[in-house]
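Visitor: I am new to reading protein models. Could you walk me through this one?

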Amino acid sequence: MCTVCGCGDAKVEGHAHSHDHDHAHPHDHDHGHDHGPDHHHDDDRHIHYGRGIAGVHVPGLSQSRIVQIERDILGHNNDFAGRNRAWAAEHGVLALNLVSSPGSGKTTLLCRTAEALKAKVPVAVIEGDQQTSFDADRIRATGIPALQVNTGKGCHLDAHMVESAIARLAPADDSVLFIENVGNLVCPAAFDLGEAYKVAILSVTEGEDKPLKYPDMFAAAGLMILNKIDLLPHTDFDVARCIDFARRVNPDIVVLQLSARTGEGFDQWLAWITEGRRRAVAERITALEAKLAAAKASLGTA
């Protein structure tokens, strides 16, 4: 179960908590049978399940219980994310979490990026999908090391999965690590993997309203890539409107427009990665110099 989006059966502390039981007793209990504050009718055409304090509806669980479960899950996840981030800082690795809906062109973007970078910098990929290794196979065909992580029924990668993948993949120092998340514009927004940035990829075939329909994802992203711009003449996608929507939920988001298929606009994407890697390497060197200075000072006072 992913309590952030409420998908799947609610399982709490190892057992299923169903809402379809029938009982009567005089005392109050936590799992109310009314709709609760998260179930709101704006009018006869709209039912809103995101108005409660949890922002999500899970049958049989109160809003306060959902909030507690989410805090527990995300708290554990953030512990692993912190370890991943510390590892990346220690090794000068720029880790990027690529997120999007299915079919946005993430893997095509990754393959072209790998081809462009592999002669210049070390690159590795963690590939997330529910099943199959098709995408990881495509990436390996470019000569880049890639590890497939299958999540089964899971709708996103989590930081523990990424920690395990890093241990298996062993990316080189001063490298770029791409993490291609499961195609989903909801759940990956809440799960920190220890990345430097979330990169939200939106193709022009999906519609410019996505940043407002899935605001958590675009609020969490440091960069939005508008992909498949070669198809703009064949769509009614409004680029300016899409960027405006994205900046309504995240005023600081950087926006790049490119085509992973033709390469148009690709130089800006590669320049953005190169600058991010330069900062990661510089921070690693600064940290090493500080450790060395501290060690010398310690020896001098011994």
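Visitor: How many helices and strands are there in the protein?

Guide: Welcome! This is a predicted model, and the protein in it has eight helices and eleven strands.

Visitor: What is the average pLDDT of the protein?

Guide: The average is 87, and 86% of the residues score at least 70. Over residues 6-37, however, the pLDDT is below 50, although this stretch has 42 contacts in the model beyond near neighbours in sequence. Where pLDDT is low, the predicted coordinates should not be read in detail.

Visitor: Now a helix, please. How many residues has helix H2, and how far does it reach?

Guide: H2 covers residues 106-117, which is twelve residues. From its first C-alpha to its last, H2 reaches 16 Å, close to the 16 Å expected at 1.5 Å a residue.

Visitor: Which residues in H2 are buried?

Guide: Look for Lys106, Thr107, Leu109, Leu110, Cys111, Thr113, Ala114 and Leu117. For the whole protein, 46% of the 302 residues count as buried.

Visitor: How many disulfides does the count come to?

Guide: A disulfide is a covalent bond between the sulfur atoms of two cysteines. Here the count comes to zero.

Visitor: Is Cys155 buried or exposed?

Guide: Cys155 is buried, with a relative accessible area of 13%. Cys242 is buried too, at 0%.

Key
Residues numbered from 1 in each chain as written. Predicted model: local features only at pLDDT ≥ 70, side-chain atom pairs only at ≥ 80, totals over all residues. Heavy atoms only, no water. Helix = DSSP H or I, 4+ residues; strand = E, 2+ residues; numbered from the N terminus. Expected span 1.5 Å × (residues − 1). Buried < 20%, exposed > 50% of the residue type's maximum accessible area, 1.4 Å probe, protein only. Disulfide = S-S within 2.5 Å. pLDDT = per-residue confidence, 0-100. Contact = heavy atoms within 4.5 Å.
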